[in-house]
Amino acid sequence: MGFLDKFFSKQNNEKGLEQTQNRELPDFHSQALGSPGTEIYAGYFEEDYLESLRNSERADVFDKMRRSDPQIKMCLSAIKNPIKSAHVEIVPCGDTDQDRKDAKLIEQILFRGMATPFSRLVSEALTMIEFGFSLFEITHKNFINQPILDDDGSVILNSYTGIKNIGFRSPKTIETWQVDHASGELLSVFQQAYGDLDRQIEIPAKYLLLFTLDREGANYEGISLLRPCYGNWFRKNNYCKLNAIGIEKFAVPTPIATIPTGKQNSTQFNKLVDALEKYTTHQSNYLIKPE
């Protein structure tokens, strides 16, 4: 019997053994029938019941919330600052010399080799708290004649392939998400950015690094920590605007109208009185005097 015959004979024996073992399990279920049930249509998530908090529009709303409200900014800082201030280091996974060299390589790639400083990468990754997710695109680079030194000054590696950058992709620019119909796994995202850094490009999922907060099923946009605050923030903004309008009206001095002789019973006089009543904070907070 030749090598190929032996190989395929072994494969068939293993396959038959697997089928025999599976038959011993009465409820063996290898292929999923159901779906995560995430509401997504043509790449757009429709999970939130508010129209203004769906897809890229919701990122604009959450961006306004974190920039305009001091209490929201304070809460976000209280969550993020302890993480940002933490000491970061790469610890070898074992005691061997190779484990120590691997740790040095990872340390070089993450802390010194990337275009984006690691501290900024952490800060950008934490934007998943307010946006629900943070997305990055990974690019690679061959580092030639850039030695990695050990603690004693010896060269561990002279050239290596590492990460060129883990580039932030703003949630406000992510337009659609393409997911696998059968499994719900992410296939790609479509980015639509405007301005001097404009892009209209589809990025495959294999080049992406995604952080999601409170993900449910295939909803890769997650649930923002600011989502429950939206109602209070929206009402407070409107109340502040109404209050400012009232303050502005109270700041208006008492208007005084001069009535020409013979115009007291005219149509123009009645229109003037009506305008004064609407202009002032009280329907009688004005003065009328004869010419």
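Here we go through the fold, the cores and a few residues of this chain.

Tutor: Keep in mind that this is a predicted model.

Student: Okay. How many helices and strands does the chain have?

Tutor: You'll find 8 helices and 12 strands.

Student: What radius of gyration does the chain have, and what would a compact globule of 291 residues have?

Tutor: The idea is to set the value for the chain beside the one for a globule. A compact globule of 291 residues would come out near 19 Å, while this chain has 33 Å. The box tells you something as well: along the principal axes, the C-alpha atoms fill roughly 125 × 60 × 35 Å.

Student: How much of the chain counts as buried?

Tutor: Of the 291 residues, 30% do.

Student: Let's go inside. Which residues touch the most other members of the largest nonpolar core?

Tutor: That core has 14 residues, and the ones you're asking about are Val61, Phe62, Met65, Ile72, Leu226, Tyr230 and Trp233. Helix 2 (55–68), helix 3 (70–84), helix 6 (128–131) and helix 7 each give two or more residues to this core. Helix 2 gives the most, with 4 residues.

Student: Can we zoom in on one member? What does Leu226 touch?

Tutor: Leaving out residues up to four places away in sequence, Leu226 touches Phe62, Met65, Ile72, Leu76, Ile129 and Glu130. Apart from this core lies another one, of 12 residues, including Phe45, Phe133, Ile174 and Tyr220.

Student: Now a strand residue. Is Val189 buried or exposed?

Tutor: A residue counts as buried under 20% relative accessible area. Val189 lies in strand 8, residues 186–193, and it counts as buried because its relative accessibility is 1%. Not counting residues up to four places away, Val189 touches Leu135, Ile174, Thr176, Trp177, Ile201, Glu202, Ile203 and Leu208. Take Glu202: it is 13 residues from Val189 along the chain, yet their C-alpha atoms are separated by 5.6 Å.

Student: What about Arg54, buried or exposed?

Tutor: Arg54 counts as buried, since its relative accessibility is 17%. You'll find Arg54 in the loop between strand 2 (44–45) and helix 2. Beyond its neighbours within four places in sequence, Arg54 is in contact with Phe45, Glu46, Asp48 and Tyr49.

Student: Where does Asp214 lie, and what is its phi?

Tutor: Asp214 is in the loop between strand 10 (208–212) and helix 7 (230–250). Its phi is near 55 degrees, again a positive value in a residue other than glycine. With 48% relative accessibility, Asp214 counts as partly exposed.

Technical notes
Residues are numbered from 1 along each chain as its sequence is written. This is a predicted model: local features need pLDDT of at least 70, side-chain atom pairs count only at pLDDT 80 or more; totals for chains, interfaces and linings use all residues. Side-chain values use heavy atoms; hydrogens and water are left out. The radius of gyration is taken over C-alpha atoms; the globule rule is 2.2 Å times the number of residues to the power 0.38. Buried means under 20% relative accessible area, exposed over 50%, partly exposed in between (1.4 Å probe, protein chains only). Contact means heavy atoms within 4.5 Å. A nonpolar core is a set of buried Ala, Val, Leu, Ile, Met, Phe, Trp, Tyr and Cys residues joined through side-chain atoms within 4.5 Å.
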